[in-house]
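Reader: Can we go through this one together? Let me put it up.

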Amino acid sequence: MIETRHYQKPNLPPAAECEILERLSEDFSISSEEIAQILKRHDVSGDPEALQHSYRKRLGQRLMASFRDEGGSRALLSSGRTYVVLDCCNDQNVLQKIDKRLSVEMAGLDNSIYQVKKRMGRLNRFKMPRLEELA
């Protein structure tokens, strides 16, 4: 059985969360820019040093993700907080840990794909043919 991740809600000011949810309930969508502006209005900010550290880690992650083999697959994968050269890894425990993480990520994506396809199917049931298709 493949387990999926359950994400904890961030600790936001209730008024900010309420404003975001109101926008979602009205328009059924919200841009990341709109979310950032709402959070800014509610004085949500982070520690500058922690933000810099997070930024540096993200750059490092992007660098590691850029290393590819001849076929375009990633040559480096993370095992916890450590990146390993996949073709040189002989540690079964590390490989199992990577395999489990990838399986959980795939299961989450599979669930999302299922939700999107289910919604598309519902919409297609009510789809009207365009005039040029009728001619």
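Author: Ser 78 touches Tyr 83, Ile 98 and Arg 101, leaving out residues up to four places away in sequence; contact means heavy atoms within 4.5 Å. This is a predicted model, where local features need pLDDT of at least 70, side-chain atom pairs count only at pLDDT 80 or more, and totals for chains, interfaces and linings use all residues. Residues are numbered from 1 along each chain as its sequence is written, and side-chain values use heavy atoms, with hydrogens and water left out.

Reader: Is Ser 78 buried or exposed?

Author: Ser 78 is buried, at a relative accessible area of 16%. Buried means under 20%, exposed over 50%, partly exposed in between (1.4 Å probe, protein chains only).

Reader: Where is the place of Ser 78?

Author: Ser 78 is in strand 1; strands (E, at least two residues) and helices (H or I, at least four) are DSSP runs, numbered from the N terminus.

Reader: Changing topic. Where is Arg 23?

Author: Arg 23 belongs to helix 1, residues 14-27. Its relative accessibility is 23%, so Arg 23 counts as partly exposed.

Reader: Which residues is Arg 23 in contact with, leaving aside neighbours within four places in sequence?

Author: Phe 28, Ser 29, Ile 30 and Glu 34 are in contact with Arg 23.

Reader: What does the side chain of Arg 23 make with the side chain of Glu 34?

Author: The two side chains of Arg 23 and Glu 34 make a polar contact at 2.6 Å. That term means a pair of N or O atoms within 3.5 Å; within protein, one must be able to donate a hydrogen and the other to accept it, and residues adjacent in sequence count only if both atoms are side-chain atoms.

Reader: And how far apart are the C-alpha atoms of Arg 23 and Glu 34?

Author: Those C-alpha atoms of Arg 23 and Glu 34 are separated by 9.4 Å, with the residues 11 apart along the chain.
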